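Hello,

I am handing over the structure below. Notes on what was found in it follow.

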Number of protein chains: 4
Amino acid sequence: MDIAERYKKVRQRTEQICAPLQTEDYVVQPVVDVSPPKWHIGHTTWFFETFILKPYFTAYQEYNPDYNYVFNSYYETVGNRVIRTDRGNLSRPTVIEIKQYRKYVDDAMENFLCREISDNIKELMVLGFNHEEQHQELLLTDIKYILGHNPLFPAYSTDYISLKVESSASEFIKQPEGVYEVGFNGEGFCFDNELNRHKVYLNAFEISPNLVTNQEYLEFINSGAYHDFRHWHAAGWDWVNTNKIESPLYWHLIDGEWHNYTFNGLQQLHLKDPVCHISYYEAYAYASWKGLRLPTEYEWEVTANQFNWGKSWEWTESAYLPYPGFTKAPGAIGEYNGKFMVGQKVLRGASEATSPGHSRITYRNFFQPELRWQFTGIRLAK
Amino acid sequence: MDIAERYKKVRQRTEQICAPLQTEDYVVQPVVDVSPPKWHIGHTTWFFETFILKPYFTAYQEYNPDYNYVFNSYYETVGNRVIRTDRGNLSRPTVIEIKQYRKYVDDAMENFLCREISDNIKELMVLGFNHEEQHQELLLTDIKYILGHNPLFPAYSTDYISLKVESSASEFIKQPEGVYEVGFNGEGFCFDNELNRHKVYLNAFEISPNLVTNQEYLEFINSGAYHDFRHWHAAGWDWVNTNKIESPLYWHLIDGEWHNYTFNGLQQLHLKDPVCHISYYEAYAYASWKGLRLPTEYEWEVTANQFNWGKSWEWTESAYLPYPGFTKAPGAIGEYNGKFMVGQKVLRGASEATSPGHSRITYRNFFQPELRWQFTGIRLAK
Amino acid sequence: MDIAERYKKVRQRTEQICAPLQTEDYVVQPVVDVSPPKWHIGHTTWFFETFILKPYFTAYQEYNPDYNYVFNSYYETVGNRVIRTDRGNLSRPTVIEIKQYRKYVDDAMENFLCREISDNIKELMVLGFNHEEQHQELLLTDIKYILGHNPLFPAYSTDYISLKVESSASEFIKQPEGVYEVGFNGEGFCFDNELNRHKVYLNAFEISPNLVTNQEYLEFINSGAYHDFRHWHAAGWDWVNTNKIESPLYWHLIDGEWHNYTFNGLQQLHLKDPVCHISYYEAYAYASWKGLRLPTEYEWEVTANQFNWGKSWEWTESAYLPYPGFTKAPGAIGEYNGKFMVGQKVLRGASEATSPGHSRITYRNFFQPELRWQFTGIRLAK
Amino acid sequence: MDIAERYKKVRQRTEQICAPLQTEDYVVQPVVDVSPPKWHIGHTTWFFETFILKPYFTAYQEYNPDYNYVFNSYYETVGNRVIRTDRGNLSRPTVIEIKQYRKYVDDAMENFLCREISDNIKELMVLGFNHEEQHQELLLTDIKYILGHNPLFPAYSTDYISLKVESSASEFIKQPEGVYEVGFNGEGFCFDNELNRHKVYLNAFEISPNLVTNQEYLEFINSGAYHDFRHWHAAGWDWVNTNKIESPLYWHLIDGEWHNYTFNGLQQLHLKDPVCHISYYEAYAYASWKGLRLPTEYEWEVTANQFNWGKSWEWTESAYLPYPGFTKAPGAIGEYNGKFMVGQKVLRGASEATSPGHSRITYRNFFQPELRWQFTGIRLAK
């Protein structure tokens, strides 16, 4: 697929994701981690305007200088920005105005991409695609939070998405000790945090081919594990008690029956679905309760072609740190990944919210250990 | 005007106030004191449904039981409610859905008001009118905050509203000491907090016929008074320093020129307009800097027929306390005023945001001393 | 008693209060409202050094310039100061060092007071005596908090102090409506907030000759009143729920029996003692639950010679506001009272912690409505 | 040295460290990370009472059951405890009482250690020695914080401790890529977090033989690096701005000259001393500013015998995670290390506050990335 065609396809998918929304759904920000959908559609547009059109398309007229302030995210290099907690306080620009901005930039991009473009720009374009795909995932994540925290529990979609874990081989996969290689080394795009490919020494280990299910997690809850400090990190134990956590996000005990908010609305808990929306603290405690542990990101990467993945982002025991030889790009693009490499845990895989083709076996996602609004799950190792 | 006609008129005014809004403007809650406009239009509808239709109109079918939870305000008697800080997190019900609810209730009310209604219900209706007028004022106050805190500073209206203080007699009005009567005693509606009418002993005092202007307040700023603890209460001095307050709300110093966000957008400061959007702490400090003081609510009430009032709510030195013989009504209606009678200061008058005919000389408004989002001003006494 | 003699007596009483303390008890600050005892004994010494010796005694050599920073309280005029929340973080100067400082200043004062002193200085001295007496009360209050919040519940004293309310006439005292005079007008010392003496108009009222007892308050608790919003101000209801308040400060339910920490240690609740250590919110709620109300400070003042008072500071319904004609003294002394006249409630009377002769019928104490560490009680009116 | 002798020696060292303190210095807790010295001397005593005397010495009589509550630290298994933030609020037990408790336990231990003891108990004793040595380090760290945050800046000691970095070879030490072994494998004591010894694959790297000095760090400050986001993690940049950090802890710019609080009091900055009391965020930013990086804990461990270490704990780039095969001991002892293995960074080395012989080349210390009260420094790698 050529660049212009791929641009169109990526941009359309963002719009398809938003299609079921009401205008009001675009506006709110119920917690700081969530961004209003209208901010996502403005910000992904601002990205192409700022990093492609303004520097490289001489005929381009900036749409509105104020939008730079409104739609910048964390790029300190590119100027001031609305602070993250304030995104949900902005009624203007309206959704219609942002869609006009989107159209204006898309038209300019179409013009721009008619011409020959340099390899450098091609690379930036591919980064822009991957950036927008990441925001597509966040859009779905944030939409679920917005609708799932509304007291009316509106459904996002009437299409049923089955996530059932097929009972494939339940035997753990065994892997011998030795030197392995990890990190990206194929053709095509990868993020800077997947480089350099390098050797690691792993001890012999075993890893489960299956994700932990709601049914299995329910046993953990029913055993009283949320009230037993022995399974938890000290920080996790504080988190559980301060926030009175008793179950995964979106779970509701109604008249003695567990329910779960899904994109189809509030439903009885599907016992065979993989458990989802749990923090690293809960993933760790579950593994500890089972007498097992979470895999490291390297263990995951060197066995991932032996099991199905892609139903939920999987917490690993690894901290998010630079690979040997990691260097950040100069300028604003260099702010992409490196500056988050402290205090976060690595997730591997992909989820129902991930855009098709976006993830890969070397892909490294990362979040703070207490976050649950992402589609996070558990795979066990020993 | 009969009750049915007045009902229609009051309800229409609410809709007129909202007419210039975009859908998105109805949704946001930039600070806890502000409620989203869609909440106001739902809540005022819920009031008539809850206190008139459900108890007194047997033919009435409740529109949606969930709305009781969404649109209840602080009435503990009437059940659970969305906590105030969460009002801006709700994208649903949508504005269109709330307008349908409004129409449904208005139709039912029209049917209900065709019949003969008892004096008791008439009284409740008049309370409902006054309640909705209060929310009309809050609507304008909240709309100003929402638009005035947007980085694009959109105008609410293109009609220019002049507030200029006419230089009437600048001599202070003198009043001798003695026993005066205060509190409501006419025909017609008043709130419970205006009763009982009672005697008070006042020392001789003088009160200004004019409100303090922006020009006069600018002198206070330019004298460095925001940085001089001597003019401030200890609590006010903490508030100024913690929040780095340097001027009234909505004032912006742009390239050395003071600007002011108004309903017409961001404008150069109108020097002859009364100063507005200041806290009690600032009103007190201004008076102290002048070597004067604020009037008590009684001093204000017994002289108010000798000066023009109605341009801004005026801070008084009085704490908001019950009058002798104050009693609260039974049930939810009794939660209206009494439970706020601690920690607040009394304001007297009315502002550009007050619905016509809503205020009167005995009317008592009240706010916490640090609040500025209301249309508050200063009148001096000695 | 002459000034020099009274100086010695006042200073000695402070030391007597501290006599039962261990060195460690002088140091800690378990909550921000409490000051460490060593701070009190340094601060009261600093007061005489700063306001008498340094300006008026030319032979005087300042003891240690750093102490001005350490022992200043809220006097903005006199320079920087250790912020209040940090007082409990200071291990130095030690108790012995502060006692040496105290001795040094007392010696200088003895020398100074040998001479003839002006009326102006005499007035300042009397203010200093009253200031130190206020700190004596705070010392006892803070010592009770420090020992009463220690898990070992050490006793302060083995002398039993009986506070029992004698069942005197239980009939309410009736007072006719009319113009009364309130405020100080005798000879001798009063604080600026007791002036000017002025006329007030009071409606007919009745006031109880007795304080509410622990037994009566227990009925309030047992009726479930801490869980019934109807008795509470909105702010009080928030306070109760946020802080999970279920009983007065220092009450402990141990194996189904109510106990109370007193200066004699943890004891079974004395049912006939006046209820103590309750917030204004609780005093108000109790009165509301009884179908009665708290008296205003004026009602209290004009009847106080008809009942016994002095067992606990009594919450009134009055907000702490300036009397007509109130003016503050110039300079640091002027910061004494006026700047606290917002957001606080007036208390009248005196408590077991008040220095003998310190209070009087026109004396106005004041606290924020949520505070309980003072010896506060309830008298009812209607 | 036999166990009984070593017991005596370890316990004496704790007392020697406290010898220069005033009673008041034992009591305060200026920030949550600091524990009052009297708590340390009680807690280390409680450790031997709880884990040795109570379970293994049948003749032993518990000193005071309340002390279990007061001196337990984070051992959830062993019962309730005073929450960490409240340690500085306790005036009782007094220092003398705690010393009596210490004596009582030491006497019992002396009796107990006369007998033959099992290997299991010997192991627990050695853990107790190491535990007390860790608290000796914390004692010095906390004492420095308490005295160094007092406005009088009292000295702890008059003995001058030189820390100067000798300009040894300034060439970086080069290490080839390959498989290395890390983790403890000698005789004698190690903590559970140093096990298992295991293989790691390291890329070729270089490491500095010297620590970064105050002089070098001053260049970083003077270049404006505290105000340039490019050198910082996003979390570090927030931390710098929220806390207005401009220099290491204990540095004071007085009349244009940098001073540093040391155990000898406030002194002019010693330029050749290693920089100390910096957070991981600062260590990382310094390395980034230099175009270098921090070593991983493995890089450090496999080269440490080629340079001098022991002047300050050195931040590494490694997150604190379990080694392959890590298992925690059963019961309370198992709470020692494992439950802190999230969100912390590893430090290697030892500092001027570390007890002699306590650290070793495989020793892993760990702290949150923002902490500075420890004696932390910087070594560079590439």
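Interface of chain C and chain D

Across the interface of chain C and chain D, 8 residue pairs are in polar contact, both residues at pLDDT 80 or more. A polar contact is a pair of N or O atoms within 3.5 Å; within protein, one must be able to donate a hydrogen and the other to accept it, and residues adjacent in sequence count only if both atoms are side-chain atoms. On the side of chain C that touches chain D, α3 (65-71), α4 (95-114) and α5 (119-148) each supply at least two residues. Of these, α3(C) gives the most, with 3 residues. (Helices are DSSP runs of H or I, at least four residues, numbered from the N terminus.) By class, that side of chain C has 14 nonpolar, 8 polar and 4 charged residues. Here Ala, Val, Leu, Ile, Met, Phe, Trp, Tyr, Cys and Pro count as nonpolar, Asp, Glu, Lys and Arg as charged, and the others, Gly among them, as polar.

This is a predicted model: local features need pLDDT of at least 70, side-chain atom pairs count only at pLDDT 80 or more, and totals for chains, interfaces and linings use all residues. Residues are numbered from 1 along each chain as its sequence is written, chains are lettered from A and ligands numbered from 1 in the order in which they are written, and side-chain values use heavy atoms, with hydrogens and water left out.

The rule finds 2 salt bridges between chain C and chain D, a salt bridge being a side-chain nitrogen of Lys or Arg within 4 Å of a carboxyl oxygen of Asp or Glu. Arg92(D) forms a salt bridge with Asp25(C), and their closest N and O atoms are 2.6 Å apart.

Domains of chain A

Chain A is divided into domain 1 (3-148) and domain 2 (173-377), with bounds from an automatic or database domain assignment. The centres of the two domains, taken over C-alpha atoms, are separated by 27 Å. Their contact (heavy atoms within 4.5 Å) takes 27 residues from domain 1 of chain A and 28 residues from domain 2 of chain A. Between these domains the rule finds 0 salt bridges.

A residue in chain B

Ala108(B) lies in helix α4 (residues 95-114) of chain B. Why does Ala108(B) count as buried? Because the relative accessible area of Ala108(B) is 9%, and buried means under 20% (1.4 Å probe, protein chains only). Not counting residues up to four places away in sequence, Ala108(B) touches Leu53(B), Phe57(B) and Tyr60(B).

Regards

How values were computed:
Buried < 20%, exposed > 50% of the residue type's maximum accessible area, 1.4 Å probe, protein only.
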